[in-house]
Amino acid sequence: MFKIIEKQELAPTLKLFRVEAPMIARRAQPGQFVILRVHEQGERIPLTIADFDREQGTITLVFQEVGHSTQLLGALAVGDSIPDLLGPLGEPTEHPEGKNVVCIGGGVGVAPVYPEAKALHEQGYNVTTIIGARTAELLFFEAEMAAVSNQAFVTTDDGSKGHKGFVTDVLQKLIDEGKKPDFVIAVGPIPMMRAVAELTRKYEIKTIVSLNSMMVDGTGMCGGCRVTVGGEVKFTCVDGPAFDAHELDFDEQVRRLEMYKEMEKKVGGEC
Amino acid sequence: MMAKIVPKKHPMPAQPAEERVKNFDEVPYGYDEDTAIAEALRCLQCKNPRCIEGCPVGINIPAFILKIAEKDYQSAADILKDKNSLPAVCGRVCPQEEQCEQVCIVGIKNEPVAIGRLERFAADWEAANSNKEVEPVPLTGPKVAVVGSGPAGLTVAGELVRKGYRVTIFEAFHQPGGVLMYGIPEFRLPKAIVQREIDYLKKLGVEIQLNVVVGRTVTIEELMTEEGYEAVFVGSGAGLPYFLNIPGENLNGVYSANEFLTRTNLMRAYMFPKWETPIHVGKRVAVVGAGNVAMDAARTALRLGAEEVHIVYRRSEKEMPARIEEIEHAREEGINFNLLTNPIEVLGDEKGWVNGLKCVKMELGEPDQSGRRRPVPIAGSEFVFPVDVVVVAIGQGPNPLIPRTTSGLETSKWGNIIADPETGRTSIPGVYAGGDVVTGAATVIKAMGAGKVAAQAIDKYLTSKNEEAN
Ligand SMILES: Cc1cc2nc3c(=O)[nH]c(=O)nc-3n(C[C@H](O)[C@H](O)[C@H](O)COP(=O)(O)OP(=O)(O)OC[C@H]3O[C@@H](n4cnc5c(N)ncnc54)[C@H](O)[C@@H]3O)c2cc1C
Ligand SMILES: Cc1cc2nc3c(=O)[nH]c(=O)nc-3n(C[C@H](O)[C@H](O)[C@H](O)COP(=O)(O)OP(=O)(O)OC[C@H]3O[C@@H](n4cnc5c(N)ncnc54)[C@H](O)[C@@H]3O)c2cc1C
Ligand code: SF4
Ligand code: FES
């Protein structure tokens with residue numbers, strides 16, 4: 001059992017939990033994730049390790065309530081326990097050459113990109129961060145991100161905070177100003193990651209994205225998380241979740257994430 | 001005792017096919033007492049019984065069968081348990097026709113004695129009737145870690161805890177049992193039976209830590225240097241699904257058998273939405289392969305509501321690797337067998353969902369390295385199965401996570417951990433391995449056999465190591 005020791009509501013459907021999980025905290029690396037179950041009959045749901053504290057033996061999870069399982073999770077309170085929590089899973093992110101990096105987080109993708117930015121900053125990289133959301137209310141980790149950045153930008157689609165527009169606008173501006181980074185790490189909704197990838201492709205900037213494929217075990221056993229990267233089939237859970245954005249078949253990912261959309265509507269309903 | 005000449009095995013009563021395709025309840029009911037005794041009387045009680053050698057763990061088969069004939073069921077169960085801690089499992093899933101029953105003398109002229117069914121009978125009798133108390137041994141011995149809770153890991157744990165070792169099993173999933181829980185379906189092996197065996201081990205004092213992936217949560221090296229485990233047994237199984245590597249294989253609706261069965265068995269997708277894990281079954285399903293895994297996937301698809309299920313296999317009937325009983329059951333249930341048929345492409349609609357499986361007809365040519373005649377495609381014979389789900393069940397490889405994260409652990413070029421078959425020893429002192437991770441996908445009883453051998457070797461290793469230290 002993994003006890004929840006802190007809970008924050010970052011935005012109406014966006015929650016943060018700090019959970020006691022000493023074994024996971026001890027080995028966690030930026031880019032890795034956990035798989036958890038909220039109750040006996042529940043699904044196994046993957047969530048990125050948004051932060052970890054080895055001394056206190058805790059990990060932080062940030063998640064968006066999109067469907068039944070994440071809503072159940074969000075309903076837990078401090079003192080409650082998560083019955084099953086498995087991790088750290090996935091490969092820690094590998095970084096390309098160079099010390100100038102732009103870390104981009106879109107929506108809940110800010111959670112997985114934060115530990116990356118933090119680690120890179122600690123290692124002496126020149127870190128620029130861009131975080132974006134639809135509207136100001138959905139922004140989170142602004143201060144945390146700023147604390148680990150040499151330069152930090154915020155964008156909202158509706159202009160309610162920071163730059164009005166998309167994260168790619170800021171990236172384009174940086175490039176136009178001659179501040180072309182050595183590489184980019186982008187995590188967020190697929191359309192966002194794809195837009196970033198298209199932009200950086202033009203300028204030949206290495207770009208890493210992190211995928212949220214459909215998963216069951218998370219240990220390379222079911223093959224459900226397959227992705228095509230550079231024409232080769234990989235498993236997101238053991239080969240990823242981070243991949244080279246310019247090699248990735250985004251269309252396939254979009255399609256595979258649709259697989260259970262209709263069925264998921266039935267969960268938690270009347271039946 | 002005089003053996004009666006009854007040419008055939010007593011038939012196994014079973015759920016009628018038209019009923020059972022609508023539920024996940026166990027298919028064969030098991031023998032009743034009278035039938036079990038009558039079947040036991042078919043055993044010749046050979047002086048030099050060959051069946052014992054046919055059993056990978058060497059159960060004293062004539063002896064337990066005699067006890068059934070004498071109605072001393074508890075003794076029959078005790079004899080089984082002496083060599084096999086999971087008789088209720090093996091009696092159900094062992095490929096008896098190629099193990100103990102293959103060499104049975106009665107089988108030369110008539111059908112062999114139904115050893116597996118009798119084993120099941122005795123084990124089930126004990127579970128229902130015995131009130132023997134578990135007597136835990138005081139645990140004062142060294143700490144031993146077991147990775148994986150499949151039949152190999154459970155066996156090692158059981159053997160060592162009885163000798164007083166402090167055993168901890170680390171299991172990646174949220175439920176122990178390995179393939180017995182996530183792979184083999186409920187209708188063939190009720191999960192309650194596996195759970196009973198696991199509970200028994202817990203009563204003996206085995207500790208089970210779930211949700212630990214060795215190699216990620218903790219490494220083997222850390223277990224040994226920081227956590228005080230003096231030996232480690234790796235029984236991580238063959239959990240790497242093989243795919244066909246044909247175009248269209250990543251379309252929506254193409255599953256590995258592992259995923260299809262795990263969603264159904266471990267996550268109970270057959271009770272969706274009460275249990276929350278979904279599965280897409282479709283109307284017409286093609287299952288590629290003809291082993292036990294393929295039969296399980298096909299029969300599962302039928303029970304989940306598919307209207308038509310096709311086995312697609314590139315060799316002929318004779319080469320199908322599944323247990324005969326499972327093939328028969330699948331046939332009775334209405335699974336279609338398309339033999340000498342090889343898939344070459346998965347076809348999809350404009351939204352990326354499967355809508356067909358393109359295949360080519362095959363014929364058998366010259367024998368290959370395996371001694372089986374090699375299937376070769378017949379030019380111009382391509383055709384399309386209109387299906388909306390494809391399940392790939394062409395085999396699994398050893399799980400690569402542990403070799404990848406354990407430096408110095410030697411593996412073969414196929415990724416199997418190299419272990420001495422006599423002891424289970426690997427290239428790292430104190431680290432042992434057995435079961436599917438060493439042999440590749442095999443059988444429950446072979447994994448248990450490997451567990452037994454390794455437990456003995458671990459006991460010997462730790463005894464001499466600690467004597468030296470004293
Ligand atoms: C490696 C990884 C890391 C992730 N990290 C985070 C994170 O830090 N924060 C966060 O909020 N989310 C994260 N996700 C996504 C998260 O797992 C899904 O949002 C969650 O499983 C949805 O579950 P649900 O039952 O609430 O929604 P559902 O009702 O199941 O589904 C809602 C929608 O989410 C999709 N979905 C369902 N299951 C998954 C799944 N396993 N992965 C992706 N999409 C799914 C469905 O297709 C549907 O469109 C991550 C996913 C992966 C694979
Ligand atoms: C669908 C199906 C049907 C079958 N039918 C039959 C049959 O009828 N008769 C028969 O004799 N055999 C059958 N088999 C084969 C048989 O089940 C296997 O040979 C046997 O289970 C192997 O046992 P094992 O202990 O080596 O591994 P497994 O049973 O595979 O158990 C391995 C366990 O280790 C865990 N694990 C893996 N990696 C790690 C890690 N890094 N850390 C922690 N835990 C880990 C896994 O989650 C799993 O629980 C079938 C197999 C399948 C898949
Ligand atoms: S364990 Fe398997 S091989 Fe051994 S006697 Fe029983 S059925 Fe036969
Ligand atoms: S989640 Fe099963 S293989 Fe990746």
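These legends describe close-up views of a predicted model.

**View 1. Ligand 1 and the chain A residues that come nearest.** Ligand 1 has 23 residues around it. Those that come nearest are Pro46(A), Val62(A), Gln64(A), Thr70(A) and Leu257(A).

**View 2. Polar contacts of ligand 1.** Thr48(A) places a polar side-chain atom 2.9 Å from a nitrogen atom of the ligand. Val62(A) is among the residues that come nearest, and a backbone N or O atom of Val62(A) also lies 2.9 Å from a nitrogen atom of ligand 1. At Gly67(A), a polar backbone atom is 3.1 Å from a ligand oxygen atom.

**View 3. Ligand 2 and its closest residues in chain B.** Ligand 2 is surrounded by 37 residues. The closest are Val93(B), Ala152(B), Glu171(B), Arg188(B) and Asp436(B).

**View 4. Polar contacts of ligand 2.** Arg188(B) has a polar side-chain atom 2.9 Å from an oxygen atom of ligand 2. A polar backbone atom of Ala172(B) is 3.2 Å from a ligand nitrogen atom. For Gly178(B), a polar backbone atom is 3.5 Å from an oxygen atom of ligand 2.

**View 5. Helices H13(B) and H14(B) where they cross.** H13 spans residues 257–265 of chain B, and H14 spans residues 292–303 of chain B. Their axes come within 10 Å and cross at roughly 50 degrees. H13(B) is therefore oblique to H14(B). The crossing is left-handed.

**View 6. Residues where H13(B) meets H14(B).** H13(B) contributes Ala257(B), Phe260(B), Leu261(B) and Thr264(B). They meet Val293(B), Asp296(B), Ala297(B), Thr300(B) and Ala301(B) of H14(B). By class, this contact has 6 nonpolar, 2 polar and 1 charged residues.

Conventions: Residues numbered from 1 in each chain as written. Chains lettered and ligands numbered in written order. Predicted model: local features only at pLDDT ≥ 70, side-chain atom pairs only at ≥ 80, totals over all residues. Heavy atoms only, no water. Axes fitted to C-alpha atoms, helices over the stretch in contact; angles between N-to-C directions. Helix = DSSP H or I, 4+ residues; strand = E, 2+ residues; numbered from the N terminus. Parallel < 35°, antiparallel > 145°, perpendicular 65-115°, else oblique. Left-handed = near helix turned anticlockwise from the far one by under 90°. Contact = heavy atoms within 4.5 Å. Nonpolar A, V, L, I, M, F, W, Y, C, P; charged D, E, K, R; others polar. Near = heavy atom within 4 Å. Polar contact = N/O pair within 3.5 Å; in protein donor to acceptor, adjacent residues only side chain to side chain.
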